[in-house]
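Trainee: I am new to this one. Can we go through it together, one question at a time?

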Amino acid sequence: MSQNGIATLLKAEKKAHEIVAKARQHRQELLKQAKTDAAAEIAQYKAKKEQELKQIEASNEGGVEGLEKEAEQSVQQELKEIKEVASKKEDDVVKLLIKAVTAPAAEMHINAS
């Protein structure tokens with residue numbers, strides 16, 4: 001009976017060893033699958049973020065040029081208005097200068113006293 005008991009124990013040990021080996025193999029397969037899934041998910045996330053970045057860059061690229069054009073138009077408009085005012089006041093300024101040169105007023109300088 002001791003031989004029978006030992007044989008039973010050996011069979012049980014062998015079966016336990018097989019179960020542990022299968023569990024380890026299953027665990028390894030699950031880890032490989034998890035790594036593959038994670039890599040795919042990372043690649044998908046990376047592609048999504050790159051696409052968002054490209055969209056942001058594209059929207060900002062046109063915006064800068066548009067702002068530059070707007071600023072240039074604004075400056076040109078202000079220059080045009082200044083030139084118009086200068087041309088309207090030109091005759092008055094010339095008359096004032098001629099009057100100041102031809103008819104000086106005698107005044108004592110502030111520092112003379």
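Trainee: In which element is the place of Glu57?

Mentor: This is a predicted model, where local features need pLDDT of at least 70, side-chain atom pairs count only at pLDDT 80 or more, and totals for chains, interfaces and linings use all residues. Residues are numbered from 1 along each chain as its sequence is written, and side-chain values use heavy atoms, without hydrogens and water. Helices are DSSP runs (H or I, at least four residues; strands are E, at least two), numbered from the N terminus. Glu57 sits in helix 1.

Trainee: How does Glu57 count by relative accessibility?

Mentor: Buried means under 20% relative accessible area, exposed over 50%, partly exposed in between (1.4 Å probe, protein chains only). Glu57 has 47%. So Glu57 counts as partly exposed.

Trainee: What accessible area does the nonpolar patch with Val75 have?

Mentor: Val75 is in helix 1, residues 2–102. At 44% relative accessibility, Val75 is partly exposed. Areas come from the Shrake-Rupley method with a 1.4 Å probe; for residues, only the protein chains shown count as cover. Together, Val75, Leu79 and Ile82 have about 270 Å².

Trainee: Which residue forms a salt bridge with Lys49?

Mentor: A salt bridge puts a side-chain nitrogen of Lys or Arg within 4 Å of a carboxyl oxygen of Asp or Glu. The whole structure has one. Its closest N and O atoms are 3.3 Å apart, and the partner of Lys49 is Glu52.

Trainee: Why are Lys49 and Glu52 separated by about one helical turn?

Mentor: Both lie in helix 1. The separation is about one turn because of their spacing in that helix: three residues.

Trainee: How far apart in space are Glu70 and Ala100?

Mentor: Glu70 is in helix 1, and is exposed at 54%. In sequence, Glu70 and Ala100 are 30 residues apart. C-alpha to C-alpha, the distance is 43 Å.

Trainee: What radius of gyration does the protein chain have?

Mentor: The chain has one helix and zero strands. Its C-alpha trace spans about 145 × 40 × 10 Å along the principal axes. The radius is taken over C-alpha atoms; the globule rule is 2.2 Å times the number of residues to the power 0.38. A compact globule of 113 residues would be near 13 Å, but this chain has 46 Å.

Note on methods: Patches are made of residues with over 30% relative accessible area and no salt bridge: like charges are joined within 9 Å, nonpolar side chains (Val, Leu, Ile, Met, Phe, Trp, Tyr) within 5 Å.
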